[in-house]
Amino acid sequence: LGLVALVLAALVVPAAPASQPSPAASKNLVQVAAGNPQFSTLTSLIKKAGLVSALSGKSNLTVFAPTNAAFAKLPKATLKKVQSDKKLLTSILTYHVVKGAVPASKVVKLNGTSVKTLNGKSVKIAVKSGKVYVNKARVTKTDVKASNGVIHVINQVLIP
């Protein structure tokens, strides 16, 4: 009888979940970016613009995130001007953000369309030779998950 009870108890106990959420998915967009050294410029500019709370909230967002290398492509005078003008900086950074968590599978379906950013202006999505572009910036990595959205890495800074 003891063995039967043990077998029945094993059948009643729910199994552990098949997979645990990834550690990144428990962090918000800003925390995920801050945890990746290739986004140190982006992270510092988000702080400088005062956008940390907006990008850390509960709203699902998609960020097209330029890497440090993308910022390095900007002329030094342009980067300096952007850093010294909070309104311009905010305008540029919010031009990289779209409402809703849009995974790569849905971004690809937006081929040929424009998507409104938090800046109020739109970016154009294009798929060319199997590669996804946001305006002229190429998406180099997709679906970096965060608790409040998703990051797609791009190789250029988007200028509205």
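The lining of the largest cavity comprises twelve nonpolar residues, one polar residue and no charged residue (Ala, Val, Leu, Ile, Met, Phe, Trp, Tyr, Cys and Pro count as nonpolar, Asp, Glu, Lys and Arg as charged, and the others, Gly among them, as polar). The model is predicted: local features need pLDDT of at least 70, side-chain atom pairs count only at pLDDT 80 or more, and totals for chains, interfaces and linings use all residues. Residues are numbered from 1 along each chain as its sequence is written, and side-chain values use heavy atoms, without hydrogens and water.

The structure holds one cavity of 30 Å³ or more, where a cavity is a set of points on a 1 Å grid over the protein atoms alone at which a 1.4 Å probe fits but cannot get out, and lining residues have an atom within 4 Å of a point. The volume of the largest cavity is about 120 Å³, taken as the space filled by probe spheres set on the points. Of its 13 lining residues, Leu-42, Ile-46, Leu-55, Val-63 and Val-97 are the closest to the centre. Two or more lining residues come from each of α2 (29-34), α3 (40-49) and β1 (61-66); helices are DSSP runs of H or I with at least four residues, strands runs of E with at least two. The most, three residues, come from α2.

In α3, Leu-42, Thr-43, Leu-45, Ile-46 and Ala-49 are buried, that is, under 20% relative accessible area with a 1.4 Å probe and protein chains only. These residues lie on the same side of α3 because they cover an arc of only 165° around the axis, given by the directions from the helix axis to the C-beta atoms. The buried residues of α3 pack against α2, α4 (52-56), β1, α5 (68-72), α6 (76-84) and α7 (86-94), with contact meaning heavy atoms within 4.5 Å. After α3 comes Gly-50, with a positive phi near 75°.

Definitions and conventions
On a 1 Å grid over the protein atoms alone, a cavity is a set of points where a 1.4 Å probe fits but cannot get out, and a pocket is an open set with protein on both sides within 12 Å along at least five of seven lines; lining residues have an atom within 4 Å of a point. Buried means under 20% relative accessible area, exposed over 50%, partly exposed in between (1.4 Å probe, protein chains only).
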